[in-house]
Amino acid sequence: APLPSEGQKTAADILNDKAALLVEAGEYDSALVYARKGIEISEKTNNWNAWGKAQLSLLYSNYYLGRHTASVADFPALEQSAQAHLSPDSTFWGEYFNVAGAVFNEIGNYEDAIRYGLKEIDFYEKKGDPASQALASNNISTYYRNRGDYDRALEYTQSALQIYRSDPQTD
């Protein structure tokens with residue numbers, strides 16, 4: 001089959017768009033179906049950006065369905081595949097680090113939640129995205145608070161606030 005022209009969406013892109021909309025609508029089981037099909041087609045067509053988007057929809061759906069242990073089990077293989085196929089500055093990584101931190105926080109593994117949160121901050125700092133960097137700092141604050149380390153939690157909350165105040169583009 002011919003490849004789509006520049007600007008045309010592939011079948012994987014269309015499935016991923018639907019999966020993302022279903023995640024936003026809270027229809028997580030349906031989103032999983034579309035995301036899995038998007039992953040399958042993306043892998044067959046070597047459309048790795050679409051693959052990354054589908055993986056994120058899968059992660060978000062599993063997160064909201066409370067399937068945290070299953071997600072943690074999938075992280076090593078997912079990271080290995082993503083490292084092989086996606087560039088280090090792909091937007092996939094910022095979202096992935098965010099979801100991984102949230103999942104580890106939910107299962108009470110605050111050290112890994114913090115580790116992924118720090119990766120997220122570093123990613124957005126390198127990308128020059130202060131709004132996302134501030135959100136990541138705020139997330140780490142939550143992980144420290146849940147761990148009972150209130151002083152460190154306050155440091156990250158203050159860091160997020162400082163970023164917001166220093167950049168008029170953040171809202």
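Okay, hi everyone. Before we start, residues are numbered from 1 along each chain as its sequence is written, and the side-chain values use heavy atoms, with hydrogens and water left out. Since the model is predicted, local features need pLDDT of at least 70 and side-chain atom pairs count only at pLDDT 80 or more, while totals for chains, interfaces and linings use all residues.

Let's begin in the middle. I'll say "nonpolar core" for a set of buried Ala, Val, Leu, Ile, Met, Phe, Trp, Tyr and Cys residues joined through side-chain atoms within 4.5 Å. "Buried" is under 20% relative accessible area, "exposed" is over 50%, and "partly exposed" is in between, using a 1.4 Å probe and protein chains only. When I name a helix, that's a DSSP run of H or I with at least four residues, numbered from the N terminus; strands would be E runs of at least two.

So, which residues touch the most other members of the largest nonpolar core? Out of its 36 residues, they are Trp51, Leu59, Phe75, Leu86, Phe92, Trp93 and Tyr96. Helix H2 (28–45), H3, H4, H5, H6, helix H7 (130–147) and helix H8 (150–166) each put in at least two residues. H5 gives the most, with nine. As background, nonpolar side chains in soluble globular proteins tend to be buried together.

While we're on H5, look at Val103, which lies in that helix. Val103 has a relative accessible area of 1%, so we call it buried. Val103 and Val72 sit 31 residues apart in sequence, and their C-alpha atoms are 7.4 Å apart in space.

Now the rings. Rings of Phe, Tyr and Trp (its six-membered ring) pair if their centres lie within 6.5 Å; planes under 30 degrees apart are stacked, over 60 edge-to-face, and the rest tilted. How many aromatic pairs does a search of the whole structure find? The search turns up 17. One of them is Trp51 with Phe92, a tilted pair at 6.3 Å centre to centre with 35° between the planes. Trp51 is in helix H3 and Phe92 in helix H5 (residues 91–106), so this pair ties together parts that are 41 residues apart in sequence. Both Trp51 and Phe92 are buried.

Another tilted pair is Phe75 with Tyr116, at 6.3 Å centre to centre and 50° between the planes. This pair links distant parts of the chain, with Phe75 in helix H4 (residues 68–85) and Tyr116 in helix H6 (residues 110–127), 41 residues apart. Phe75 is at 2% relative accessibility, so it counts as buried. Tyr116 is buried too, because its relative accessible area is 4%. Ring pairs join Trp48, Trp51, Phe75, Phe92, Trp93, Tyr96, Phe97, Phe104 and Tyr116 into a cluster.

Next, a couple of loops. Asn46 is in the loop between H2 and H3. Asn46 isn't a glycine, yet it has a positive phi of about 55°. Its relative accessibility is 53%, so Asn46 counts as exposed. Over in the loop between H7 and H8 we find Gly148. Gly148 is partly exposed, because its relative accessibility is 39%. From Gly148 to Tyr110, 38 residues away along the chain, the C-alpha separation is 10.0 Å.

Last stop, the second largest pocket. Which residues line the second largest pocket? They are Asn16, Asp17, Ala20, Val23, Glu24, Lys53, Leu56, Ser57, Tyr60 and Glu95. The elements giving two or more of these are helix H1 (11–24) and helix H3 (48–64), and H1 gives the most, with five residues.

Take Ala20, which is found in helix H1. Ala20 has a relative accessible area of 32%, so it is partly exposed. Ala20 and Tyr60 are 40 residues apart in sequence, with 9.1 Å between their C-alpha atoms. And a pocket, by the way, is an open set of points on a 1 Å grid over the protein atoms alone, where a 1.4 Å probe fits, with protein on both sides within 12 Å along at least five of seven lines; lining residues have an atom within 4 Å of a point. That's my tour, thanks!
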